[in-house]
Amino acid sequence: MRSVTCSMGVSLDGYIVGPDGGFNWTAPDEEVFRFVTDEIREVGVHLLGRRLYETMLYWETADQDPSLDDSMLEWAALWKPLPKVVFSTTLAAVQGTARLASGGLAEEIERLRAEPGEGDIAIGGATLAAEAAAADLIDEYRPRVHPVLVGGGIPFFPRDERRVDLELVESRTFGSGIVHLRYRVRR
């Protein structure tokens with residue numbers, strides 16, 4: 001069965017976006033960018049909320065940007081054909097290999113798990129990830145912890161007062177001080 005994963009940059013104090021809405025502190029250096037590129041190779045479908053979908057639209061045409069280096073062109077070549085499911089109540093249409101979700105998050109994940117296919121089901125976007133976590137739909141959490149305290153904002157983990165036991169599967173420290181942690185949910 002395909003695993004549902006949640007991989008995002010997070011501040012040491014637990015936020016994916018700071019109180020000002022900014023997340024420029026998550027910009028990866030070359031080493032982290034290569035790691036994230038390798039991680040996306042393992043994804044078979046990406047579930048996104050509207051805001052993340054709109055942020056990632058850049059990558060649909062990034063291959064036409066002459067200023068991009070080879071590593072960014074490689075990322076674009078992986079992202080563009082990747083099937084995406086967008087959860088939105090305000091968008092009427094989406095572009096490229098994306099489609100609007102036809103049901104709720106749990107139903108969509110159940111359907112994707114039942115379909116034949118390779119690769120993880122990745123969840124991106126704070127609101128969508130929080131909904132998936134609250135419904136116990138996430139199999140692995142993969143935070144990249146950045147050496148910064150932002151003091152508030154949007155938390156990586158939902159505050160739903162529910163205990164979830166995790167098993168550390170992998171960890172890696174990058175030269176920049178970012179630490180990747182991969183935890184599997186114990187069921």
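A residue counts as buried when its relative accessible area is under 20%. In this predicted model, Glu 60 has a relative accessible area of 10% and is therefore buried. Glu 60 belongs to helix H3, which covers residues 58-61. Beyond its neighbours within four places in sequence, Glu 60 is in contact with Trp 79, Lys 80, Lys 84 and Gly 96.

Two of these partners, Trp 79 and Lys 84, also interact with each other: the charged end of Lys 84 sits over the ring of Trp 79, at 5.0 Å from the ring centre. Trp 79 is also part of an aromatic cluster, in which ring pairs link it with Phe 33, Tyr 58, Trp 59 and Trp 75.

A search of the whole structure finds 1 cavity of 30 Å³ or more, and the space in the largest cavity is about 30 Å³. Its lining consists of Tyr 53, Met 56, Leu 57, Glu 60, Trp 79, Lys 84, Gln 95 and Ala 98. By type, the lining of the largest cavity comprises 5 nonpolar residues, 1 polar residue and 2 charged residues.

The aromatic residues can be followed elsewhere in the chain. The structure holds 8 aromatic pairs. One of them joins Phe 156 and Phe 157, with ring centres 4.4 Å apart and planes at 80°. Planes over 60 degrees apart count as edge-to-face, so the pair of Phe 156 and Phe 157 falls in that class. How does burial compare for the two partners, buried or partly exposed? Phe 156 is buried, because its relative accessibility is 4%, whereas Phe 157, with a relative accessible area of 37%, is partly exposed.

Terms used. Residues are numbered from 1 along each chain as its sequence is written. This is a predicted model: local features need pLDDT of at least 70, side-chain atom pairs count only at pLDDT 80 or more; totals for chains, interfaces and linings use all residues. Side-chain values use heavy atoms; hydrogens and water are left out. Helices (H or I, at least four residues) and strands (E, at least two) are DSSP runs, numbered from the N terminus. Buried means under 20% relative accessible area, exposed over 50%, partly exposed in between (1.4 Å probe, protein chains only). Contact means heavy atoms within 4.5 Å. Rings of Phe, Tyr and Trp (its six-membered ring) pair if their centres lie within 6.5 Å; planes under 30 degrees apart count as stacked, over 60 as edge-to-face and the rest as tilted. A charge sits over a ring if NZ of Lys or CZ of Arg is within 6 Å of the ring centre and within 35 degrees of the ring normal. On a 1 Å grid over the protein atoms alone, a cavity is a set of points where a 1.4 Å probe fits but cannot get out, and a pocket is an open set with protein on both sides within 12 Å along at least five of seven lines; lining residues have an atom within 4 Å of a point. Grid points are joined across faces, edges and corners, and a volume is the space filled by probe spheres set on the points. Ala, Val, Leu, Ile, Met, Phe, Trp, Tyr, Cys and Pro count as nonpolar, Asp, Glu, Lys and Arg as charged, and the others, Gly among them, as polar.
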